[in-house]
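Q: I have just opened this one and would like to get my bearings. Could you walk me through it?

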Amino acid sequence: MSYVRRFDHVGITVADLDVVTAFFVALGLEVEGRAFVEGEFLETVCGIPDSRTEIVMLKSPDDGARLELARFVRPASVPGSPAAMANELGLRNVSFEVNDLQAAVDWAASEGYGLVGGIGEYEGAWRMAYVRGPEGIIVSLAERIG
């Protein structure tokens with residue numbers, strides 16, 4: 001028996017909600033909503049008493065899975081490892097299929113976000129690159145070529 005009905009969203013905790021939101025909107029996601037969450041629900045789910053968070057829910061143009069960005073108002077965020085490489089345990093990248101990989105990489109570079117490595121090709125079917133986005137988030141960009 002499968003307990004999963006569908007893939008819903010990935011959540012990322014960030015320090016600067018506006019900067020990270022702007023990055024993903026410029027990449028092509030759409031803001032679905034923005035709200036503060038606090039009280040018994042949040043305290044129960046995240047296990048942090050007296051917590052308050054502000055979230056932005058983003059959706060992809062195909063109306064598929066969502067990306068939830070969250071900034072903790074209280075307690076303060078705990079620093080992560082913004083220079084983490086792909087082999088460090090934990091969530092390492094958020095991946096998107098793009099229409100034009102080179103254009104997306106060029107745009108990211110113009111905004112000050114560079115490649116983690118280079119642009120690779122997989123079996124003549126995909127071109128892909130990791131971009132180090134705001135707050136060290138690795139964004140995997142992939143273009144179908146085969």
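Q: How far apart are the end C-alpha atoms of residues 6-144, and how much of the span is helix and strand?
A: This is a predicted model, and in it the end C-alpha atoms of residues 6-144 lie 24 Å apart, while the span is 20% helix and 37% strand. The UniProt record, an unreviewed entry, lists residues 6-144 as "domain: VOC".

Q: And the protein as a whole, what pattern does it follow along the sequence?
A: The secondary structure comes to three helices and eight strands, and read along the sequence the pattern is β-α-β-α-β-β-β-α-β-β-β.

Q: What share of the residues is buried?
A: Buried residues make up 32% of the 146 residues in the protein, and the protein exposes about 9,000 Å², of which carbon and sulfur atoms supply 54%.

Q: Switching to Ser51, where does it lie?
A: Ser51 lies in the loop between α2, residues 40-46, and β3, residues 52-59.

Q: Buried or exposed?
A: Ser51 counts as buried because its relative accessibility is 0%, and buried means under 20%.

Q: Which residues is Ser51 in contact with, leaving aside neighbours within four places in sequence?
A: Ser51 is in contact with Val37, Glu38, Gly39, Leu42, Glu43, Cys46, Phe72, Arg74 and Pro75, once those neighbours are left aside. As for Ile48, its backbone oxygen lies 2.8 Å from a polar atom of the Ser51 side chain.

Q: Last topic, charges: how many positive and negative side chains are there?
A: The protein has 12 positive and 22 negative side chains, and the centres of the two sets lie 3 Å apart.

Conventions
Residues numbered from 1 in each chain as written. Predicted model: local features only at pLDDT ≥ 70, side-chain atom pairs only at ≥ 80, totals over all residues. Heavy atoms only, no water. Helix = DSSP H or I, 4+ residues; strand = E, 2+ residues; numbered from the N terminus. Buried < 20%, exposed > 50% of the residue type's maximum accessible area, 1.4 Å probe, protein only. Polar contact = N/O pair within 3.5 Å; in protein donor to acceptor, adjacent residues only side chain to side chain. Contact = heavy atoms within 4.5 Å. UniProt positions renumbered as here; feature names shortened; annotations may be inferred. Areas by Shrake-Rupley, 256 points an atom, 1.4 Å probe, with all protein chains shown as cover. Lys, Arg positive; Asp, Glu negative; His and termini not counted. Charge placed at Lys NZ, Arg CZ, Asp CG, Glu CD.
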